[in-house]
Amino acid sequence: GDPVVFLDADCVPADGWLDALLSAHERGAAVVGGSLDLPPKLPPSARCDYYCGWYLVHSGRPPGSVPHHPPPNLSVRRSLFLEGPGFSEEAPLSVSNEERAWQGELLRQGHRMVFEPRARALHHNRPGLGNLMRRNYRWAYTSVESKWSSGSTRFPWLFRHPRIVIAASFPLAFVHTAVVIGSWMRVGVFEPLLMWPVVLASRFAYALGTTVGGLRWLKRRHRSTAPDPSDRPAW
C-alpha cells in the first residue's frame with residue numbers, strides 16, 4: 001500500500017491513529033511519525049523505561065518538522081522508501097538506529113518529515129531494570145556511527161566530531177537526565193522526577209554504549225574495514 005506504515009508489536013494504536021497519519025501525508029509530508037503514549041497499569045520499571053525512551057515523541061509534544069523519528073510508529077510514502085536504502089540490515093546498525101540511513105537520505109533529497117502527535121499509539125515497554133539498562137546501551141551503541149553517517153539527528157553538527165561526542169558522553173549524562181525529566185515536567189508529568197536515580201543510571205548506560213560502540217566504529221573506520229557481523233552490543 002501507499003503509504004507503508006510501520007507499527008511495533010508492543011504498540012496498540014488509539015482511535016484516529018491511521019486517519020491522522022494519512023492526513024499528514026495528504027498535507028505533503030513524505031514521512032510521518034506518530035506519538036507513543038504510556039499505557040495504563042504498567043509496572044514502575046516499565047514506566048521508567050517509557051519515560052527514558054519516548055520523551056521526545058509523546059502526544060504532549062507539538063507537531064512539526066523533525067530530522068528523525070523512531071520506527072515503532074511511523075509511515076512513509078511507498079515509492080520513496082523503495083527507492084532508498086531501506087532499513088540497515090548489517091550489524092551493528094541492524095540492532096539499533098536501523099532507520100536513520102533512509103531517513104537521512106530523504107532529508108538530503110529535500111523531503112519533509114513531520115511529527116504528528118494525533119497519530120497515537122500506546123507503547124508497552126517491558127518491565128525490569130536490567131531491560132531498561134540494556135535497551136539504552138543498545139540504542140547508544142550505534143548512535144555515533146548512525147548519526148555521523150546519516151545526519152538524521154537533532155544535532156548533526158555535533159556528530160561531525162565523533163571523538164568529542166564520545167569523550168563528553170559521561171559528563172553529558174547529567175545534562176541528558178535533566179532534559180528527560182524537564183521534558184515531562186513541561187507537560188505536567190512529574191513521576192520521572194521521583195525516578196531520577198534510575199533515569200540517571202539509564203543515561204550512564206547510554207553513555208557506556210556510546211563509548212564502547214563509538215570507539216569500535218572509529219577503529220573500524222580508521223582501518224577502512226567492512227562492518228563485522230559479530231560486532232553487536234553484547235550487553
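**Pocket, salt bridges and backbone features of the predicted model**

G104 counts as buried, at 0% relative accessibility; buried means under 20% relative accessible area, exposed over 50%, and partly exposed in between, with a 1.4 Å probe and protein chains only. The structure is a predicted model, in which local features need pLDDT of at least 70, side-chain atom pairs count only at pLDDT 80 or more, and totals for chains, interfaces and linings use all residues. Residues are numbered from 1 along each chain as its sequence is written, and side-chain values use heavy atoms, with hydrogens and water left out.

G104 sits in helix α4, residues 100-108. Helices (H or I, at least four residues) and strands (E, at least two) are DSSP runs, numbered from the N terminus. G104 and G130 are 26 residues apart along the chain. Their C-alpha atoms are separated by 31 Å.

Pockets were examined next. Rolling a probe the size of a water molecule over the atoms shows where empty space is left. The search used a 1 Å grid over the protein atoms alone. A pocket is an open set of points where a 1.4 Å probe fits, with protein on both sides within 12 Å along at least five of seven lines. Lining residues have an atom within 4 Å of a point. Grid points are joined across faces, edges and corners, and a volume is the space filled by probe spheres set on the points.

The largest pocket has a volume of about 1400 Å³. Its lining comprises 44 residues, of which Y55, R100, K147, H176 and Y206 are the closest to the centre. Five helices each supply at least two lining residues: α2 (44-53), α5 (129-141), α6 (143-150), α8 (172-185) and α10 (196-222). The largest share, 5 residues, comes from α8. By class, the lining holds 22 nonpolar, 11 polar and 11 charged residues. Here Ala, Val, Leu, Ile, Met, Phe, Trp, Tyr, Cys and Pro count as nonpolar, Asp, Glu, Lys and Arg as charged, and the others, Gly among them, as polar.

Helix α10 also contains T211. T211 is buried, with a relative accessible area of 17%. T211 and A140 are 71 residues apart in sequence, yet 8.4 Å apart in space, C-alpha to C-alpha.

On the surface, F170, L208 and W235 form a nonpolar patch. Together they have about 260 Å² of accessible area, computed by the Shrake-Rupley method with a 1.4 Å probe, where for residues only the protein chains shown count as cover. Patch residues have over 30% relative accessible area and no salt bridge; like charges are joined within 9 Å, and nonpolar side chains (Val, Leu, Ile, Met, Phe, Trp, Tyr) within 5 Å. F170 lies in the loop between α7 (162-168) and α8. F170 is partly exposed, at 33% relative accessible area.

Charged pairs were then considered. A salt bridge is a side-chain nitrogen of Lys or Arg within 4 Å of a carboxyl oxygen of Asp or Glu. By this rule, the count comes to 8 salt bridges. One of them joins the side chains of D37 and R120, at 2.8 Å from N to O. This pair links distant parts of the chain: D37 is in strand β3 (residues 31-37) and R120 in strand β6 (residues 113-123), 83 residues apart. D37 counts as buried, at 9% relative accessibility. R120 is partly exposed, at 30%.

R108 forms a salt bridge with E105, the closest N and O atoms being 3.3 Å apart. Because R108 and E105 are 3 residues apart in helix α4, about one helical turn separates them. R108 is exposed, with a relative accessible area of 52%. E105 is partly exposed, at 28%.

R118 and E116 also form a salt bridge, with their closest N and O atoms 3.1 Å apart. E116 is buried, at 5% relative accessible area. R27, E116 and R118 are linked in a network of salt bridges.

A cis peptide bond joins D2 and P3, with omega about 5°. P3 lies in the segment before β1 (4-7). The peptide bond from A91 to P92 is also cis, with omega near 5°. P92 is in the loop between α3 (78-83) and α4.

The loop between α3 and α4 also holds N97. N97 is not a glycine, but its phi is positive, near 60°. N97 is buried, with a relative accessible area of 11%. K41, likewise not a glycine, has a positive phi of about 70°. K41 is found in the loop between β3 and α2. K41 is exposed, at 83% relative accessible area.
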